[in-house]
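Visitor: Could you walk me through reading a model like this one? I would like the general idea each time, then the case at hand.

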Amino acid sequence: MLTAEENDLLCRITGEAAMGQLMRRHWLPVCLSEEVSEPDGDPVQARVLGEDLVVFRDTDGRVGVMDEYCPHRRVSLVYGRNEECGLRCLYHGWKMDVEGNVIEMVSEPAASAMAEKVKHKAYKVQEWGGMVWAYMGPQDGIPDFMPPAWAPRADVKVSIAKILVPCNWAQILEGAIDSAHSSSLHSSDFVPARVTGAEATDKNWLRPSTDKAPRMQVHRTSYGFRYAAIRRPIVNAAQTDYVRSTIFVAPFSVLIPPNNLYNVANVNVPMDDTHTAFYFIAWGDKAMTPDTETWRKFLGATVGKDLDERYRPLRNTENRFWQDRQAMKAGNFTGIKGFPNQDIAMWVTMGPIADRSADRLGASDLAIVEFRRQMLDAVQAFQQGDAAIGTGDRRIPPQVCAFQAIVPKTVDWREFAAQPVGADTASGPQLESNYQTTV
């Protein structure tokens with residue numbers, strides 16, 4: 001349990017909130033690159049850490065991330081004209097480039113020097129791994145952008161499903177690191193089978209265990225922590241364990257145990273205290289990682305079918321997340337299609353910000369306890385002048401990865417020789433037999 005004060009310190013990220021200020025010391029995903037794929041295309045609205053932003057790609061292909069509201073009279077630039085290497089406000093025609101320079105003030109006299117005195121808030125931008133990133137911390141001494149663990153190289157294939165979830169970031173993160181719930185909530189999608197390791201088919205992810213009560217072990221690190229959920233395997237339980245090792249990469253990313261075809265991760269970017277941009281990611285070898293549309297279809301996260309045009313889920317509490325009770329009677333555990341949608345139903349029904357003073361944690365919640373303890377320690381240290389967790393020489397080393405495997409009982413999972421799936425070209429069945437293999 002946490003006190004109400006600790007819960008606020010963990011969860012609240014807007015304004016001067018300490019956790020939000022800690023997050024600003026990291027490069028932050030703002031939107032998908034596909035949302036601003038066209039030069040001079042439609043500007044896109046985004047919200048990160050309580051700030052309203054406008055994102056656009058200019059005539060030369062450069063991406064700008066700026067304060068949404070015009071510096072003149074504070075109207076929204078999302079409705080502006082994206083033309084000739086700048087975004088022009090509709091109200092009085094002021095025009096800003098991607099760096100926030102005011103390059104035209106058509107409402108002012110030609111001899112006016114006012115444009116030289118006005119600078120619009122704009123953030124330094126990097127495109128990588130299918131996302132637009134911005135550094136929203138102090139603008140003096142901006143750290144170099146470092147590729148995330150789930151897109152270590154430019155040639156790695158990345159497919160992303162984006163869902164805007166109406167609840168706080170921390171309860172989503174806790175769901176991502178909670179390995180125990182997969183044996184219940186996702187039991188119709190993570191199916192026990194007599195396989196030698198985790199495998200993926202066109203419909204399910206297979207796991208070599210029927211054990212629903214894993215033993216948890218945690219190893220804290222400078223960038224977050226690694227932990228193992230250890231279960232009895234179906235085959236050779238006397239000599240081996242089935243180990244799922246998940247990695248929390250502070251402040252809001254998780255490397256999820258992969259299947260035999262591709263790696264999995266999620267990123268949970270706080271939009272404000274009660275809304276989160278949830279990105280669910282498949283990554284790895286180009287031939288084995290599903291393309292974006294196939295991935296979104298598999299997850300039940302297709303825009304226009306499962307989500308509206310702004311990535312907001314059509315499933316919600318009002319329509320009971322489209323839960324199919326007849327399917328439940330026929331054997332489906334939740335009656336909700338797509339395991340991220342099953343998760344979202346749980347996260348949202350906790351309320352906008354979960355009340356952690358009222359929950360009761362057990363042995364299976366060891367990773368949850370560690371997340372809360374570590375992030376509260378980290379934010380308190382940050383308030384005292386320490387560097388933000390996971391930055392600089394504290395960031396995750398490139399060789400660290402999540403894994404799931406049948407491991408001999410004589411081998412410590414912390415020392416298990418794992419590498420990302422596809423590092424040596426994976427082989428096996430495809431997610432769907434006809435998916436595209438373009439980047």
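Guide: Gladly. Helices (H or I, at least four residues) and strands (E, at least two) are DSSP runs, numbered from the N terminus. With that in hand, just after helix 6, Gly351 takes a positive phi of about 105 degrees. This is a predicted model, where local features need pLDDT of at least 70 and side-chain atom pairs count only at pLDDT 80 or more, while totals for chains, interfaces and linings use all residues. Residues are numbered from 1 along each chain as its sequence is written, and side-chain values use heavy atoms, with hydrogens and water left out.

Visitor: How many helices and strands does the protein have?

Guide: There are 7 helices and 21 strands. For overall shape, the radius of gyration is taken over C-alpha atoms, and the globule rule is 2.2 Å times the number of residues to the power 0.38. Here the radius is 23 Å, close to the 22 Å that the rule gives for 439 residues, so the protein is as compact as a globular protein of that length. Its C-alpha trace spans about 85 × 50 × 45 Å along the principal axes.

Visitor: What share of the residues count as buried?

Guide: Buried means under 20% relative accessible area, exposed over 50%, and partly exposed in between (1.4 Å probe, protein chains only). By that cut-off, 56% of the 439 residues are buried.

Visitor: Why is helix 6 described as largely enclosed?

Guide: Helix 6 (residues 339-349) is largely enclosed by the rest of the structure because 9 of its 11 residues are buried. Among them are Phe339, Ile344 and Trp347. Contact means heavy atoms within 4.5 Å, and the cover over the buried residues of helix 6 includes strand 11 (157-165), strand 20 (275-284) and helix 4 (292-299).

Visitor: Which residues of helix 1 are buried?

Guide: In helix 1 (residues 4-11), they are Asn7, Leu9, Leu10 and Cys11. Helix 2 (18-23), helix 3 (169-176) and helix 7 (366-383) are included in their cover.

Visitor: What does the UniProt annotation cover?

Guide: UniProt positions are given in the numbering used here, feature names are shortened, and annotations may be inferred rather than shown by experiment. The unreviewed UniProt entry annotates residues 27-134 as "domain: Rieske". In the model, that span is 0% helix and 40% strand, and its end C-alpha atoms lie 6 Å apart.

Visitor: In what order do the 6 strands of the open sheet lie?

Guide: Two strands pair if DSSP finds at least two bridges between them. The order is 1-10-9-4-3-2, with antiparallel pairing. Strand 1 (27-32) and strand 2 (44-48) are the edges, each pairing on one side only.

Visitor: How many bridges join strand 2 to strand 3?

Guide: There are 5, and the two strands run antiparallel. Within this pairing, Ala46 has Leu53 of strand 3 as its bridge partner. The hairpin has 2 residues between the strands, and Leu49 takes a positive phi near 50 degrees.

Visitor: And on to strand 4?

Guide: Strand 3 and strand 4 (residues 63-67) are also antiparallel, over 5 bridges, with Phe56 opposite Gly64. Their hairpin has 5 residues between the strands, and Gly61 in the turn has a positive phi of about 90 degrees. As for burial, 6 of the 7 residues of strand 3 are buried, so strand 3 is largely enclosed by the rest of the structure.
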